[in-house]
Amino acid sequence: MNEVFSLAMRFDMLHFTSSPILNNKQLKRLGAHKYSCESNSILDAYFQPWWNYLTQCLPLWLAPNLITLAGLIVNILTSLILFWYSPDGISYVPRWASFLCALGIFIYQSLDAVDGKQARRTQSSSPLGELFDHGCDSISTVFVAIAACISVNMGEYPNWMFYQCFCAICLFYCAHWQTYVCGTLKFGKVDVTEAQVTIICMHMGTVLFGVEFWQYKLFYKFEMRYIIGLMTIVCCSITLRYMIEVILTCGAGKNGSTVADTSVLSPIIPLSLFMGPAIYLKVVSPHLYEQNPVIFILTFGLVAARTTNRLVVAHMSKSEMCYTDSSMLGPLALVLNCYFNNILPDRLLLYLSLIWSIYELIRFEKTVCLEICKFLNIELFRIKVLSVADNNKSKNNQNFNPNTKRILRSNKR
């Protein structure tokens with residue numbers, strides 16, 4: 001026990017808000033960071049006219065980060081409605097709630113796509129924008145995955161719901177793992193935009209036909225929602241295979257290492273530190289997950305979001321990623337409590353772990369963003385208003401080919 005708690009106390013960031021997270025070397029490298037991305041997305045080209053039109057409707061004083069945050073808030077609030085009606089993933093939810101969730105995803109997708117365009121339009125692009133955008137994406141991924149499962153009543157199959165949600169969470173982490181290795185964020189033909197459109201269609205299926213639609217048997221015992229599972233397995237297998245190939249063969253550092261000259265396999269350790277406890281508790285204490293699937297996935301998902309954000313920071317600052325952080329104390333406490341036959345009520349500890357993971361995620365995001373703002377001498381949610389001449393110049397710079405491979409999915413700054 002003493003060794004376990006001694007290890008816990010060595011977690012790198014247990015110094016709360018008074019302790020800086022980034023050192024001077026990291027800040028300098030982060031300030032010099034240039035965003036690099038390759039996109040082959042099928043649907044992006046079709047959405048570009050809408051995104052361009054929406055960008056032109058935005059006022060020049062509106063900060064890109066504020067656009068990103070607004071989209072995230074809408075996405076979270078609409079997802080929470082589903083969580084409220086179906087915390088077990090089994091209870092039926094009103095059709096209007098699924099409609100609001102579909103609308104929330106569309107709003108988030110649109111705002112997430114125009115924030116980078118607004119940054120270039122207002123000449124306010126900075127590494128902070130990329131970091132803030134990816135931070136919001138990591139949180140959104142968790143809420144979207146859980147809400148999609150609830151909308152099709154997937155809580156009736158808890159193992160399947162566990163797989164669906166953690167598959168999305170791990171794929172998002174792996175996407176930034178490959179970026180940490182090769183220095184370029186790569187989107188495939190079927191990627192984020194296609195996944196978001198698919199989930200919107202799932203919600204709309206519930207809206208139009210009710211949740212019974214997904215329980216309809218096509219033949220024998222094969223239900224409509226089984227198609228979702230098959231699509232997930234196929235698409236994730238293809239995507240994961242491509243990511244593994246990039247990780248193993250496209251290292252941008254010395255001798256094929258990461259951008260920080262570390263082992264390309266090193267990010268697997270943080271991944272295992274949040275996935276390991278989740279799988280352990282799912283197997284050893286199945287009632288904890290099956291009775292509280294939404295809270296369980298949300299708790300570990302937010303820890304995963306914090307871990308992914310640390311990986312993004314490591315990539316942008318070309319520095320070694322710390323394997324552990326204080327947000328993992330929640331999962332560690334749950335595992336120890338389970339190991340010692342639930343000394344504390346496991347459900348109470350799960351809720352406390354959720355609160356801790358939320359606090360740690362907000363603390364990390366706030367501290368890192370403020371440190372970068374101070375170093376770059378910029379503000380997080382406020383930008384310098386352009387003059388008329390600058391505005392005309394920025395409009396001229398907006399001309400680009402939406403099918404160009406180098407254009408970002410959402411034109412991140």
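A: A nonpolar core here is a set of buried Ala, Val, Leu, Ile, Met, Phe, Trp, Tyr and Cys residues joined through side-chain atoms within 4.5 Å. Buried means under 20% relative accessible area. The model is predicted.

By that definition, the largest nonpolar core holds 93 residues. Ile146, Met161 and Phe296 have the most contacts inside it. Take Phe296. Leaving aside residues up to four places away in sequence, Phe296 touches Phe162, Ala278, Leu281, Lys282, Leu288, Tyr289 and Leu350. Another core lies apart from the largest one. That core has nine residues, including Phe47, Trp51, Leu54 and Ile67.

Two or more lining residues come from each of helices H5 (95-121), H6 (127-151), H7 (158-182), H8 (192-209) and H9 (226-249), and from strand S2 (185-187). By class, this lining has 29 nonpolar, ten polar and seven charged residues.

The second largest pocket has about 510 Å³ of space. It is lined by 22 residues, with Leu72, Ile139, Leu361, Ile362 and Glu365 closest to its centre. H4 (64-85), H6, H12 (293-316) and H14 (346-376) each supply at least two lining residues. H14 gives the largest share, eight residues. By class, the lining of the second largest pocket has 19 nonpolar, one polar and two charged residues.

How values were computed
Residues are numbered from 1 along each chain as its sequence is written. This is a predicted model: local features need pLDDT of at least 70, side-chain atom pairs count only at pLDDT 80 or more; totals for chains, interfaces and linings use all residues. Side-chain values use heavy atoms; hydrogens and water are left out. Helices (H or I, at least four residues) and strands (E, at least two) are DSSP runs, numbered from the N terminus. Ala, Val, Leu, Ile, Met, Phe, Trp, Tyr, Cys and Pro count as nonpolar, Asp, Glu, Lys and Arg as charged, and the others, Gly among them, as polar. On a 1 Å grid over the protein atoms alone, a cavity is a set of points where a 1.4 Å probe fits but cannot get out, and a pocket is an open set with protein on both sides within 12 Å along at least five of seven lines; lining residues have an atom within 4 Å of a point. Grid points are joined across faces, edges and corners, and a volume is the space filled by probe spheres set on the points. Buried means under 20% relative accessible area, exposed over 50%, partly exposed in between (1.4 Å probe, protein chains only). Contact means heavy atoms within 4.5 Å.
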